[in-house]
Amino acid sequence: MESLILTPRLDCLASLVPQGAHLADIGTDHGKLPISLLKAGRVQSAVGSDIGAGPLRHAEQNARDHGVSLPLRLAPGLDAIAPDECDTVSIAGMGGQTIAEILDAAPWAIDGGHLLLLQPMTGAPELRQWLWQNGCRIVEETICREGARRWYIVISARGGADKREKPLSACHVSTALLRAAGAKEYLAHLLRIETHALAGMEQGSAVDEARLAAQRDTVTALRDAMEGL
């Protein structure tokens, strides 16, 4: 029987699922997140979705071994999930742009009646920008680490808010992120990455002025956020 021990980023995500939730886990892979929540009695029900038949067979075996009922759907994103069968949607282990595309294809997920727990592996600024543009409020951001160099965030969001337009450089931070435990260390980590990228662009022989200006705005935004903590 396979262990249900979650990686730090999935454990962080699991801790944010409300007690008694009806969960839809998108990109469920091995199914450990919903299975562990079902076994712990944290959720009333859960359904898993994935685009890969192999991962779903893995999840099906894990659910059977651990004695829980986990309906599984072979489909992209939320295509096979009905709006009324969940009140919480978790999407983890994908790029921020992919997560945005999944939500864009399922407008019901941002109707305000569903809590979104989103863990982008990359592209967090693009995801924040999409959320704000589409009337989603970022309720909370949670920072977690795996090892010395790997940082992850979980964005808790809900639709039904006013739409807001922001340049991408302003989407590297949110008010919720600045409130998060570990924000100063995380922002320092981001600032190092973006400052290094800026230096490389400035030293390049063929410089795209628009990209260079945007990168400078990103570094400035992160520095200003750091100074405000």
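Predicted model: local features only at pLDDT ≥ 70, side-chain atom pairs only at ≥ 80, totals over all residues.
Residues are numbered from 1 along each chain as its sequence is written, and side-chain values use heavy atoms, without hydrogens or water. Local features need pLDDT of at least 70, and side-chain atom pairs count only at pLDDT 80 or more, while totals for chains, interfaces and linings use all residues.

**View 1. Helix 4 packs with helix 5.** Helix 4 contributes Gly 96, Gln 97, Ile 99, Ala 100, Leu 103 and Asp 104 to the contact; helix 5 contributes Glu 126, Leu 127, Trp 130 and Leu 131 (contact means heavy atoms within 4.5 Å). By class, six residues are nonpolar, two polar and two charged.

**View 2. His 66 sits in the loop between helix 3 (53-65) and strand 3 (72-74).** His 66 counts as buried, at 11% relative accessibility (buried means under 20% relative accessible area, with a 1.4 Å probe and protein chains only). Beyond neighbours within four places in sequence, His 66 contacts Met 1, Glu 2, Leu 4, Ile 35 and Lys 39.

**View 3. Gln 119 belongs to strand 5 (residues 115-122).** Gln 119 is buried, at 1% relative accessibility. Its side chain meets that of Arg 9 in a polar contact of 2.6 Å (N or O atoms within 3.5 Å, one able to donate a hydrogen and the other to accept it within protein; residues adjacent in sequence count only if both atoms are side-chain atoms). Not counting residues up to four places away in sequence, Gln 119 also touches residues including Ile 91, Met 94, Ile 99 and Tyr 152.

How values were computed
Axes fitted to C-alpha atoms, helices over the stretch in contact; angles between N-to-C directions. Helix = DSSP H or I, 4+ residues; strand = E, 2+ residues; numbered from the N terminus. Nonpolar A, V, L, I, M, F, W, Y, C, P; charged D, E, K, R; others polar. Buried < 20%, exposed > 50% of the residue type's maximum accessible area, 1.4 Å probe, protein only.
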